[in-house]
Amino acid sequence: MALPLPKGKQITVSYREISSDYEMPSMEVASDHYSLGFMIKGDRRIITPKMNFTLHAGYIGAMRPYIYHRTIPASDSEYISILIKFSPDFVANMTDTLGPQIMEKIFRYPPITFSDGDREKIFSLAREIYELYNEIEEQGLDMSEGSISRYRLQNLLTYILLEIYDKGHFDSSKATIHESELTEPIMEAVYYIEKNYMQPLKIEEVARISGYSVSYFSRIFARQLGSDFTEYLCITRLKHVQNMLLTTNKSVMEISLECGFSYPGNMTSSFKKEFGMTPLHFRKQNTKL
């Protein structure tokens with residue numbers, strides 16, 4: 001269970017600097033708050049029952065209450081973010097006035113990305129709410145219902161949420177949506193794959209993690225993920241190939257070997273089949289390096 005909001009609080013805003021190798025030790029779920037994580041630096045892979053997705057610098061990860069999740073590193077970069085946690089009651093005025101579709105859209109499909117100009121504005125707003133929250137905390141200002149401090153924070157958070165609603169969009173290239181909601185044993189298997197995709201994984205090894213026999217694991221895995229073990233492992237590796245093509249200057253051969261492919265030629269053919277272009281074409285088309 002994720003830590004609840006501190007007693008008496010309906011919002012917290014924190015600036016987090018976390019080592020690149022940090023990973024959540026187990027699945028967690030928030031029971032009383034929404035979370036918005038503004039990624040300033042780093043790369044994180046998040047596993048939930050309905051999807052897996054990767055966050056990079058400039059992305060927002062949105063998590064609503066009662067969604068189990070677990071995060072692991074997606075690179076060796078330090079992890080820096082601004083994290084806003086808030087209760088449903090704290091934004092009740094907005095949702096009562098404008099309707100629940102605001103929250104439904106924002107929190108349905110992370111990761112959220114923006115155009116360069118919109119990203120700069122929204123991350124500036126995240127820093128602004130962090131500074132305002134710190135000012136209120138340091139000065140011990142009144143945050144009770146009807147107070148000026150509470151009103152200022154509510155207005156700024158509402159503005160941020162509306163900007164995300166209007167300007168943000170789901171980056172499907174960074175996500176894998178599951179065929180059906182994952183059960184806990186399959187989530188543990190997916191977590192193991194995400195941590196060890198660069199190794200020559202065997203289905204027998206991963207089935208042991210789930211506690212199922214190989215035959216039963218194979219059936220349940222395919223039913224919940226929409227692809228068999230071999231296909232899913234290949235797609236997972238290809239997603240990491242995509243990330244390295246865009247975030248490093250390493251050669252295709254180096255990336256292929258680091259992502260678990262024994263032969264670069266096999267990776268290239270699988271990449272072209274999945275994404276409709278060669279790895280080099282993908283890098284040329286998308287990279288800013």
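A helix, as the word is used in these legends, is a DSSP run of H or I at least four residues long, and helices are numbered from the N terminus. The model shown in every view is predicted.

**View 1. Helix 8 at the largest cavity.** Helix 8 gives the most to the lining of the largest cavity: four residues. Helix 8 spans residues 229–247. Strand 4 (51–56) is the other element that gives two or more residues to this lining.

View 2. How many cavities of 30 Å³ or more does the structure hold? There is one. About 100 Å³ of space lies in the largest cavity. Arg45, Thr54, His56 and Ala74 are among the lining residues. Ser173 and Lys174 line the cavity as well. Lys239, His240, Gln242 and Asn243 complete the list. By class, the lining divides into six polar residues, three charged and one nonpolar.

**View 3. Strand 7, largely enclosed.** Strand 7 covers residues 79–86. Is strand 7 largely enclosed by the rest of the structure, or largely open: what do its residues show? Seven of its eight residues are buried, so strand 7 is largely enclosed by the rest of the structure. Buried here means under 20% relative accessible area.

**View 4. Strand 1 beside strand 7.** Strand 1 (residues 11–18) and strand 7 run antiparallel. Eight bridges join them. Look for Val13, which stands opposite Ile84 in strand 7.

**View 5. Strand 2 beside strand 7.** Strand 2 (residues 34–41) also pairs with strand 7, through seven bridges. This pair, too, runs antiparallel. Here Tyr34 stands opposite Phe86 in strand 7. In a regular strand, side chains alternate between the two faces of the sheet.

View 6. The structure holds zero disulfides. Cys234 is in no disulfide, and the nearest cysteine sulfur, that of Cys259, is 11 Å away. Cys259 is in no disulfide either; for Cys259, the nearest cysteine sulfur is that of Cys234. Which of the two is buried, and which is partly exposed? Cys234 is partly exposed, with a relative accessible area of 21%. Cys259 is buried, at 0%.

Terms used:
Residues numbered from 1 in each chain as written. Predicted model: local features only at pLDDT ≥ 70, side-chain atom pairs only at ≥ 80, totals over all residues. Heavy atoms only, no water. Buried < 20%, exposed > 50% of the residue type's maximum accessible area, 1.4 Å probe, protein only. Pairing = 2+ DSSP bridges. Disulfide = S-S within 2.5 Å. 1 Å grid on protein atoms, 1.4 Å probe; cavity = no way out; pocket = protein on both sides within 12 Å on 5 of 7 lines; lining within 4 Å. Points joined across faces, edges and corners; volume = space filled by probe spheres on them. Nonpolar A, V, L, I, M, F, W, Y, C, P; charged D, E, K, R; others polar.
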